[in-house]
Amino acid sequence: MNNEEFLNTVKKAILEGNKDEAVQLAQRAITEKMDLNDIIENGYIPGIQKVGQLWEEGEYFLPELIMSAECMKAAMKIMQPELEKAQIDVHSAGTVVIGTVEGDIHDIGKNLVASILSANGFDVIDLGGDVKLETFIEKAEEVSANLICLSALLTTTMTGQKKLIEILKEKGLYGRFKVMVGGAPVNQKWADDIGADGYSENALTAVSVAKKLVEK
Amino acid sequence: MIKTLRPKLELLGNELIQKIIDEAYSILENQGVFIENEEALDLFREAGMEVDASSQRVRITAKLIENSLSSTPPSLKMYDRNGEIEYLLGGDEVHFDPGSVAVTILDSETQQERKAVTNDLIRFARLTDCLEHLNFQSTGILSTDVSEIVSDSYRLYIGLLFSKKPIVTGTFRVEGFEPMHRMLVAIRGSEKNLAEKPLAIFDACPSSPLKWSNLTAQSLIDSAQVGIPSELISMGMTGATAPVTIAGTLVQHVAENLSGLVICQLAKKGAPVIFGGRPVSFDMRNGTTPIGAIETMMIDSAYAQIGKHFNLPTHSYMGMSDAKVNDAQGGFETGIGTILAALSGVNVISGAGILDFIRCQSLEKLVIDNEICGMAYRLIEGTAQRDDPIALDLFKDFAAGTQFLSMPHTRKWYRDEHTFPKLVDREPYDIWVSKGRKSITDRAKEEVESLLQKIPPLLPDKDTQKTLREIMLSDAQRNDMPSLPEIDFL
């Protein structure tokens with residue numbers, strides 16, 4: 001298999017959401033001492049970009065999207081130590097602390113956002129569901145996060161998003177971390193009302209919102 | 001007379017029902033459920049179940065499930081605020097109530113969603129009270145002019161003041177149960193009376209897949225102990241928090257509901273339980289939870305059938321829409337759901353008034369949906385043999401020009417055989433034009449105002465009002481809210 005064929009196989013694995021294949025290819029690239037930067041830039045990333053395109057075109061639905069994102073994540077995880085060893089700096093899109101707020105253990109929407117952000121080059125620290133508000137802030141400080149993402153599915157827990165911003169203000173941390181909110185009962189108006197920096201209606205738009213916030 | 005056939009919808013064959021139940025039992029026995037509540041875990045330990053303390057995971061034996069099913073009453077009765085009108089839940093009895101809980105109200109003037117305040121809750125409760133086909137009310141809107149901490153008890157407070165119908169409600173915090181229970185007791189006069197004549201149903205939702213949070217498990221226990229019926233609201237999303245196939249989601253639904261039922265029976269043997277739910281056909285494009293999807297309704301109808309197979313009272317969220325305004329989608333999704341639910345013989349059907357994935361309550365839609373519910377009731381009444389012979393006598397003097405309009409037979413039966421919706425448009429075109437080309441939403445808007453003007457609220461007596469207010473106020477004050485919003489009519 002020449003280099004071009006190899007890159008196409010990588011792209012195909014991501015496109016088809018074939019995790020085993022995506023991981024094996026990453027492993028093979030390492031073993032055979034291929035140029036990892038080239039593999040990522042010209043194999044994995046175009047693969048996930050094509051997935052995004054197919055989504056935009058209405059061809060792919062969430063199951064395809066999420067599986068490809070998981071593939072990407074798994075392959076990157078394999079290559080990460082090698083990249084560090086070789087001191088290849090794969091540019092991180094930003095560091096994100098994400099979780100579902102206290103009292104709410106619904107985390108399907110949050111998982112989607114976490115996977116897709118991660119597939120798009122963000123360093124994602126997923127705190128899970130039912131996360132204490134203080135934990136978000138502690139973690140964000142610890143990892144010098146760019147962004148805190150808060151999800152809430154219940155109408156009763158969305159107020160946790162408001163409280164987090166209040167706590168940030170009290171601690172003088174408001175503005176240091178950008179705050180993005182989401183979840184079924186949440187909308188742009190709510191985000192504006194509570195002083196959140198960003199709101200995303202779905203997992204896909206979350207990527208562009210997050211990128212914009214981090215660039216600011 | 002030939003007995004009237006009650007039209008009935010059954011989506012599952014017996015073989016499939018049995019297989020779904022078998023797999024649900026197997027999951028409970030082998031994988032178990034997570035229960036994040038110590039009191040519930042202790043109940044399981046006492047019952048000899050294997051409890052993994054660190055992961056809060058319980059495995060439930062088939063025997064315990066069987067015992068719990070056999071101690072759960074096959075039917076129960078709800079009573080109105082006065083304790084006079086009785087509503088049977090069981091068999092194929094059908095009762096409609098507004099869907100809950102909405103975070104917004106569709107503003108009557110702008111027909112746009114906005115946050116609700118106390119006055120909206122009052123209008124909602126009063127309107128529900130005078131709509132003929134809604135047997136129950138629900139605490140269906142959140143009020144934003146009180147602290148969100150007491151939003152559970154406050155909605156019950158308003159509902160109990162402004163409607164006499166039995167009420168479907170639930171807690172948002174463990175501490176919410178006590179004031180809410182006290183309010184119900186205040187209406188009935190004693191805990192014993194409340195247990196004998198339930199006034200409220202408490203909803204409790206497991207978190208799919210297979211988990212009961214501290215709050216919901218506590219609600220099951222607290223309700224069971226004082227005789228409040230618990231409605232088990234399993235809410236798997238196909239392909240997201242539950243298997244993607246309809247049958248697969250049903251397996252998980254049954255497992256989740258059965259685990260809830262066991263908690264209730266362990267807390268108090270014989271506690272009333274309703275086999276309900278709010279599962280959805282998860283939208284793989286938008287990541288949303290459409291209640292108007294036909295597949296959602298298929299899951300609803302099917303689990304209700306399984307609930308009946310267990311000989312339990314049933315509930316479902318049906319007869320509502322994901323539309324954002326009262327448009328054609330709002331009507332057809334509600335219509336399809338209401339009819340399917342009624343044909344499925346679901347005992348408590350929550351949905352009226354709801355738009356936008358249960359986010360929004362519309363009073364206009366509430367009065368429209370009331371008419372859909374009326375049609376559904378007519379449908380399940382079935383086709384009766386009123387006379388014997390059915391029609392031969394009417395044709396005795398048959399001749400050219402025979403008509404039926406002037407026959408006594410017509411006058412005798414037309415009101416029983418046919419219903420007369422008020423808002424549905426059945427006028428000739430020219431008359432419709434001359435009346436201003438009004439849509440059903442326009443007419444509904446007028447109807448809302450007219451009903452609220454015409455029918456004064458039926459409040460509980462002054463003493464009860466005072467007690468309710470004291471309970472509410474002390475709950476509010478405990479939660480840093482020194483006073484309550486002013487309430488008209490009091």
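Which residue stands opposite B:Tyr79 in β5(B)? In this predicted model, for which local features need pLDDT of at least 70, side-chain atom pairs count only at pLDDT 80 or more and totals for chains, interfaces and linings use all residues, the first view below gives the reply. Residues are numbered from 1 along each chain as its sequence is written, while chains are lettered from A and ligands numbered from 1 in the order in which they are written.

**View 1. The hairpin of β4(B) and β5(B).** Strand β4 (residues 76-79) and strand β5 (residues 86-89) of chain B pair in the antiparallel sense over four bridges, where pairing requires that DSSP finds at least two bridges between two strands, and where strands (E, at least two residues) and helices (H or I, at least four) are DSSP runs numbered from the N terminus. B:Glu86 is the residue of β5(B) that stands opposite B:Tyr79. Six residues lie between the strands of this hairpin, in which B:Gly83 takes a positive phi near 75°.

**View 2. The open four-stranded sheet of chain B.** The strands follow the order β2-β3-β1-β12, with mixed pairing. Because β2 (50-52) and β12 (211-212) of chain B stand at the edges, each with a single partner strand, one side of each is left without a neighbour in the sheet. Helix α2 (residues 38-46) of chain B packs on this sheet, touching β1 (33-35), β2, β3 and β12, and its direction makes about 145° with that of β2(B); contact here means C-beta atoms, placed from the backbone, within 7 Å, and axes are lines fitted to C-alpha atoms, for helices over the stretch in contact, with angles from 0 to 180 degrees between N-to-C directions. β2(B) is joined by three bridges to the antiparallel strand β3 (residues 57-59) of chain B, and B:Val51 stands opposite B:Val58 in β3(B).

**View 3. The open five-stranded sheet of chain A.** Here the order is β2-β1-β3-β4-β5 and the pairing is parallel, with β2 (122-126) and β5 (198-199) of chain A as the edge strands, each pairing on one side only. Strand β4 (residues 178-182) of chain A runs parallel to β5(A) and is joined to it by two bridges, with A:Tyr199 as the bridge partner of A:Val181. Helix α9 (residues 203-215) of chain A packs on the sheet, touching β1, β2, β3, β4 and β5 of chain A, at about 165° to the direction of β4(A).

View 4. Seven residues of domain 1 and six residues of domain 2 take part in the contact. On the domain 1 side, α3 (36-56) and α4 (62-85) of chain A are the elements that give two or more residues, and α4(A) provides the largest share, five residues.

View 5. B:Leu250, 227 residues away in sequence, is 9.8 Å from B:Glu23 in space, C-alpha to C-alpha.

Notes:
Contact = placed C-beta atoms within 7 Å.
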